[in-house]
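Have the sequence and the 3D view open as you read.

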Amino acid sequence: MEPDLLTLNEQTAKLSIDPVYDTNWCDVPNEIKVRCLEKLKFRERLNMRATSKLSKCQIDSLKYKFTFALFTQKFDGFYKLFSILLGSNREDMLSNLKETTEWMKYILKIGVFDRLIFNFDKFDANVNLTSGVDELIDARSVDFMQSNPDFIIAMLKNLKPIDSFLLNANSNPHFPLDKILGELQVQQARFIEILNLSAPHGLQKVAQMWIDKDSKVGNLCHCSSGLEDSLASFVNWFNNSIIYRTGRTVRIRIPGSSKNILLDFYETNELLGAFRMVYRMEIVLNDYNDSEEISYTRLEKFLLEFRHQDSDAREYYESDEEEDGDFEYNEFGHRDYGDAKEKSRMLMTKMMILESTKKRRRIAMRTRRENETTSLILMKENYF
Amino acid sequence: MSSTEQGTSSAAPAEPTTAPESAAAPEVPESFYYVHGKDKVVHKVSAGALQHSALIHGMISNLGYTEEQAKANPFPFENIDGDILQMVVDWCNQHKGKPTPPEDTNLPKQKEKLFDLVLAVNYLEIKELLTYCCKQVAMMVKGKSPEEIREIWMIPTDAEDEAAEKEAKKRAGKEAAGETAAAAGDAK
């Protein structure tokens, strides 16, 4: 035993002949540096990135998990990235379209997103956000609130498989829904939400896509449509496959399969009808218990998050209050910018309409919404 | 551990190597090992505490020896300052056989000590403590500007890096030339 012990001590002594450690960051082994850098929050990473070329390389080689990323243009007409990721005091980095695009590309490259939202109704479609990005974008949920269809398709092609997909068709009757439904990422998404769908036969196209692609059971589509005859159109399309039909519900069978699709026309007002469509293996009495929660909470959450995000914008604008004079804020906390901002606010108006049709539920959900607000504040604190 | 096996063998001589460690562990008196750092001060550490260090645990796991032998031959860690080794030993003792908490507030806040601790802990392969230390290092630059980070972590600028690289190349060139000249002299 003794010789072993002596050998061991000799080995240890040999290991110990390295020089005594210095105490600078530069002397820390690279793997430890990576472990430390991984623990930095996004802002600190950006600051660290600016210290030297080497630090930039190290930071850029790391992924960063974003709970929420909103890419939107500001309401002042300039093409700027305004994201709560960067915070309002990061405006100086985003002085022009080119710079903004580079930042967006960078964030898309290094990010792993729980939820990724694009809101560019005026974004230059020629700007390819995905050029030069050699990896697919990693996002669990992607929302295109106000986006050019070409941009949507280009982005979809550069995404890893997603769980959830939201699309604002913007009440455009010529919206290329077929092209978008043809993308693999949409076909594989468990939850599809389409706002302001005016393209003819939109609902049945989603249903047909599920049938054709033999999609997973449990998939859900939530759709708001301005077409009064959407339900009738759906019934006509699947006329030979109807299992049953009531005033607001249609269930269709899928030929050669035990699967079925249920369409429920669940709310309406003078502008919008809202539909849910669910893909099931068996007929169950209460199809929407879970899915309804998902859809409604999602919509509510977006509104809350948007308000929350806008309160940041408001803080930023308030710092210029003396120069700009007094402004009115609408009920969403948005500053009233006049006609030029009309498009950007249209979405919120539409969502407000949709929200107003759910008064009964809203009352019931009030307590929950307060809880959600709290959780959103916590989420925001986690960003930094 | 070897010491545990030894204890087990005395308690159950019929099956010295197959007795389950976990069942016998509470009855076995704790064994100790000895380590010293740069200052040669010897620290007595229990086998349980040393399990945190994958390096030491790996070195001793296949050896069995008496407490006297271990005392006579402390593990030398000449590259670790005495006070840093003391910190590591204290931490290992405090967290012996306990689940590690999500935060450790006892870690040093001073940059020099923290980096020394990080390096020592990395060398000794103490995974949990390394995680705390890395978190603490990251906290040093929270809310700091690039200039402040550069100052805190003593990160050279690109210009300084280039100058240092040039200097190193020049020195290496001179050394190579010197060696060539010496070799030529020897040949003559």
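This is a predicted model: local features need pLDDT of at least 70, side-chain atom pairs count only at pLDDT 80 or more; totals for chains, interfaces and linings use all residues.

Residues are numbered from 1 along each chain as its sequence is written, chains are lettered from A and ligands numbered from 1 in the order in which they are written, and side-chain values use heavy atoms, leaving out hydrogens and water.

**The sheet in chain B**

- Three strands form an open sheet in the order E2-E1-E3 (chain B), and their pairing is mixed; strands are DSSP runs of at least two residues (E), helices of at least four (H or I), numbered from the N terminus.
- At the edges are strand E2 (42–46) and strand E3 (75–76) of chain B, each pairing on one side only; to pair, two strands need at least two DSSP bridges between them.
- Strand E1 (residues 32–36) of chain B runs parallel to E3(B), joined over two bridges.
- Across from His36(B) you will find Pro76(B) in E3(B).

**Two buried residues in chain A**

- Thr249(A) belongs to strand E9 (residues 249–253) of chain A.
- Thr249(A) counts as buried because its relative accessible area is 13%; the cut-offs are under 20% for buried, over 50% for exposed and partly exposed in between (1.4 Å probe, protein chains only).
- Leaving aside residues up to four places away in sequence, Thr249(A) touches Tyr244(A), Leu262(A), Leu263(A) and Asp264(A), where contact means heavy atoms within 4.5 Å.
- Ser147(A) sits in the loop between strand E4 (138–146) and helix H6 (149–157) of chain A, and is buried with a relative accessible area of 11%.
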